[in-house]
Amino acid sequence: MEGDKFCTRCGAELPDGSAFCPECGSPVGGGFNHEAGAGYGYSDGYYRQASRPALSFAPLILVYGILAAVFGLLIGISVAGLTEASYNELIQTMTDATGVDYSTLMPAWSSGLVLMLCATFFAMAASGILAILCYIQCRKAENWKLTVILCGASTAACLVVTVFSPVEGLVMVIVGALMTYLIYNRKDAFLE
């Protein structure tokens, strides 16, 4: 627009007749001028994306996702071949290393224990994979609903972890619920 002197997004002074802010790239006047944008090789989606506020907490989701996926898969695979003797040896090693009697803290050996342990750690891996997908959606900032669903599903997968590791699982659920809430409240950062 001809009358605009300052960018409504970043406040930079606009040269006369400019279609886009020279500092932040936002369209002048709040609308997208397809003819002017096409001359620069930019699309409407590019400018809508560039003008959206970033989700500063998104890297935390990625870090959690990578750690949970790797840790969950590695531990899940290692416990798949667990026997009663190796389980009891693990409990004794943990007791010797910490001085805490883990035989009172860990469940007794049973035929369903290995299944429960595998489910716990594979749920952690699933939570991590869903968190990585959530991070990708945060970076793309295109589909708010899908991003909220992915973060919520990652959090829900942590509920399985609480069966075997109540404290760690509860912490994961609380942090996941917080991240889901933060994304839910940042619809302004997404194109849809």
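Read along the sequence, the chain of this predicted model follows the pattern α-α-α-α-α-α-α, with seven helices and zero strands (DSSP runs numbered from the N terminus, helices being H or I of at least four residues and strands E of at least two). Residues are numbered from 1 along each chain as its sequence is written. In this predicted model, local features need pLDDT of at least 70 and side-chain atom pairs count only at pLDDT 80 or more, whereas totals for chains, interfaces and linings use all residues; side-chain values use heavy atoms, with hydrogens and water left out.

Helix α5 (residues 113-140) comprises 28 residues and reaches 41 Å from its first C-alpha to its last, close to the 40 Å expected at 1.5 Å a residue (1.5 Å times one less than the number of residues). A141, which follows α5, has a positive phi near 50°. The axes of α5 and α6 come within 8 Å and cross at roughly 160° (lines fitted to C-alpha atoms, for helices over the stretch in contact, with angles from 0 to 180 degrees between N-to-C directions). The two helices, α5 and α6, are therefore roughly antiparallel to each other (angles over 145 degrees). By class, the contact of α5 with α6 has 21 nonpolar, five polar and no charged residues (nonpolar: Ala, Val, Leu, Ile, Met, Phe, Trp, Tyr, Cys and Pro; charged: Asp, Glu, Lys and Arg; polar: the others, Gly among them).

Within helix α6 (residues 144-164) lies T147, which is buried, with a relative accessible area of 0% (buried: under 20%, with a 1.4 Å probe and protein chains only). Beyond its neighbours within four places in sequence, T147 is in contact with C134, Q137, C138, I183 and F190 (heavy atoms within 4.5 Å).

Key: Buried < 20%, exposed > 50% of the residue type's maximum accessible area, 1.4 Å probe, protein only. Parallel < 35°, antiparallel > 145°, perpendicular 65-115°, else oblique.
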